[in-house]
Amino acid sequence: MESIVQAFIDFLKNDKKLSDNTIESYKRDITQFMEHLKENNIEYYDVNKITIISYLNFLKHKNMSQSTISRHLSSIKSFYQYLFMNKFIDKEPAYTLDAPKIEKKVPLTLSVEQVDKLLSHEFENSEKGLRDKAILEVLYATGLKVSELISLRVKDVNLNYGYIYCKSSKERFIPIGNSASNALQNYISVRRKIDQDEFLFLNLRGEPLTRQGCWKIIKEYTDIVNPGFDITPSILRKSFAKHMLENGADIRSVQEILGYKSFNQGDLISLISKSKIKEVYKKSHPRA
């Protein structure tokens, strides 16, 4: 059994040219499935549709998420397709099995009160403190992705007119309010490099800030809002969208600011609370 699993892994590596991480994921899933078969005295060639469904239920009872169970099924299907194509078995037991439906969860966001608590924190009056304050203010003011934030250059910020120019997959000019403008002004005033072509946000060595560095900065202030709750750039981005929508911004405008290429209305609507939708309906509908 181990030699067959290894042959499958070699196939993924040499023929499919999959990444090391993907191969490791396949190996882990298949090994776990084989151990399950062994514990239940089932040979790999005796596996049928019922065996696999039973295994998926076993994973479900272990409180694994639907996405994880789907991944396990995908690994098993690929493994048994390989066995069938190489004549180790006579038919594919998992061929007609569909992955379980993955429930769409409402994206995790912060409340307005939580954001206020985070941004009203007394940051150190140093280059680091002023930089951290500016990063958090800009992320919430613009809904930028972390990759877009760390790519900003000094010349992309126009404090006189109150906007940031983002050159990403979709170029856009994003307005910023007074709080973000003031935070940027304070940070730029103490920044060690002022060349217009230089990256806007630097680490303490004067080098461009990395994605990991930005995550660490945000994580540092996590306990201000809620101990044990990790704030990420994505959460600030979703919070920006949610609060804009709930305060009357139209979906098209928020999509434009976020840089969505296509009209992905469902994801944004899911951010609006049911109570807010009802409130907007009552205010807007002539016969409500």
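The model is predicted, so local features are described only at pLDDT of at least 70 and side-chain atom pairs only at pLDDT 80 or more, whereas totals for chains, interfaces and linings use all residues. Residues are numbered from 1 along each chain as its sequence is written, and side-chain values use heavy atoms, with hydrogens and water left out. The secondary structure of the protein amounts to 14 helices and three strands, where helices (H or I, at least four residues) and strands (E, at least two) are DSSP runs numbered from the N terminus.

**Overall make-up**

- The protein has 288 residues, of which 41% count as buried; buried means under 20% relative accessible area, exposed over 50%, and partly exposed in between, with a 1.4 Å probe and protein chains only.
- Of the contacts (heavy atoms within 4.5 Å) between residues at least 6 apart in sequence, 59% join residues at least 24 apart.

**The sheet**

- An open sheet is formed by three strands in the order β1-β2-β3, with antiparallel pairing; strands count as paired if DSSP finds at least two bridges between them.
- Because β1 (157–158) and β3 stand at the edges, each with a single partner strand, one side of each is left without a neighbour in the sheet.
- Strands β1 and β2 run antiparallel and are joined by two bridges, and N158 has Y163 in β2 as its bridge partner.
- Strand β2 (residues 163–166) pairs with β3 over four bridges, again in the antiparallel sense, and here I164 stands opposite I174 of β3.
- In a regular strand the side chains alternate between the two faces of the sheet.
- In β3 (residues 172–175), R172 and I174 make up the covered face, while F173 and P175 make up the uncovered one.

- Helix α5 (residues 112–119) has V115, L118 and L119 as its buried residues.
- Seen down the axis of α5, these buried residues fall within an arc of 85 degrees, and they therefore line one face of the helix; the arc is that of the directions from the helix axis to the C-beta atoms.
- The cover over the buried residues of α5 includes α6 (127–142), α10 and α11 (233–246).
- Helix α10 (residues 222–225) contains T222, which is buried at a relative accessible area of 3%.
- Apart from its neighbours within four places in sequence, T222 is in contact with F229, D230 and I231.
- T222 and T232 are ten residues apart along the chain, and their C-alpha atoms are separated by 8.9 Å.

**Loop residues with positive phi**

- K17, although not a glycine, has a positive phi of about 55 degrees; K17 lies in the loop between α1 (2–14) and α2 (20–39) and is exposed, with a relative accessible area of 64%.
- K87 likewise is not a glycine and has a positive phi of about 60 degrees; K87 is placed in the loop between α4 (66–85) and α5 and is exposed, with a relative accessible area of 74%.
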